[in-house]
Amino acid sequence: MTQKVAVLGTGKIGEALLSGMIRGGWAPADLLVTARRPERAEQLRARYGVEAVSNAEAAKSADTLILTVKPQDMGTLLDELAPHVPADRLVISGAAGIPTAFVEERLAAGTPVVRVMTNTPALVDEAMSVISAGTHATGAHLTRAEEIFSGVGKTLRVPESQQDAATALSGSGPAYFFFLVEAMTDAGILLGLPRDKAHDLIVQAAIGAAVMLRDSGEHPVKLRENVTSPAGTTINAIRELENHGVRAAMLAALEAARDRSRELASGNS
């Protein structure tokens, strides 16, 4: 039996998920979208051939609801959905820091909820989506979430207690790499390279390094050592990174991101 999936609050990540599902073989007729602005809803309908509906209509007719609104908007959305969501609907929450218990207590008793933290590489089908089960979600519900999110990258199941850590590493992770590329580009300019050439050099180095990490099976220390010749250029650079506390700064940054995810879960905006 064909099942309908609704993406509620379809922003950039929601649209990336929608387009990935269609590329993965989902029929547009089986997909519903909601958006805050009517013109945005019409844009999605015209672009993908999906039906744009209200949140209440989506709750009544879709078998799976994917909530992609911002964390601060989740409570309002759930209050709107609650009268219309039967307890057999699968609800997937994609809001950072929002625990499944927050969703469950606002919907009918027994509603299965799955929490997913994806990231912006979903826009290029290279996301990492971290999936956790709520109190009433079964293995079948997790499998369904994996089927949906595998259209935009890889998926990984973790206990919900690890979601804040996963958000710090993976959900926010692309921003750290963009920040590093920005800093390295500035360094390239300082060393005398034009910005466009510095950018191209760094981006290709990042892509090559990522593929090696993914495909070689080698520990990152081993791969780094392969580049680090005695008394060479790389070890001098590594020494300066260590002298400036880059490793310690990264640890502190990830702890700060995890702590902020916990704050969001507690309702601190």
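The model is predicted, so local features were considered only at pLDDT of at least 70 and side-chain atom pairs only at pLDDT 80 or more, while totals for chains, interfaces and linings use all residues. Residues are numbered from 1 along each chain as its sequence is written, and side-chain values use heavy atoms, with hydrogens and water left out.

Helices (H or I, at least four residues) and strands (E, at least two) are DSSP runs, numbered from the N terminus.

The largest nonpolar core has 26 residues, and Ile66, Ile92, Val114 and Ile148 have the most contacts inside it. Such a core is a set of buried Ala, Val, Leu, Ile, Met, Phe, Trp, Tyr and Cys residues joined through side-chain atoms within 4.5 Å. At least two residues of this core come from each of β1, α1 (12-23), β2 (31-33), α2 (38-48), β5, β6 (113-117), β7 (127-133) and α6 (139-149). Apart from this core lies another, of 22 residues, including Ala58, Leu81, Phe102 and Val113. Leaving aside residues up to four places away in sequence, Ile66 touches Val5, Ala6, Val7, Leu8, Leu17, Ile92, Ile148 and Phe149.

Two helix pairs were also examined. The axes of α1 and α2 come within 12 Å and cross at roughly 20°, with axes fitted as lines to C-alpha atoms over the stretch in contact and angles running from 0 to 180 degrees between N-to-C directions. The two helices α1 and α2 are therefore roughly parallel; this label covers angles under 35 degrees, with over 145 roughly antiparallel, 65 to 115 roughly perpendicular and the rest oblique. At this pair, Lys12, Glu15, Leu18, Ser19 and Ile22 in α1 meet Arg40, Leu44, Arg47 and Tyr48 in α2. Helices α8 (residues 173-190) and α9 (residues 195-216) pack at an angle of about 135°, with their axes 9 Å apart, which makes α8 oblique to α9. The residues of α8 that meet α9 include Val181, Met184 and Ile189.

Finally, some single residues deserve a look. Asp125, in the loop between β6 and β7, has a positive phi near 60° although it is not a glycine, and is partly exposed at 28% relative accessibility. Ala231 also has a positive phi near 60°; this residue lies in the loop between α10 (220-227) and α11 (233-243) and is exposed, with a relative accessible area of 75%. Met117, in strand β6, is buried at 13% relative accessibility.

Note on methods
Buried means under 20% relative accessible area, exposed over 50%, partly exposed in between (1.4 Å probe, protein chains only). Contact means heavy atoms within 4.5 Å.
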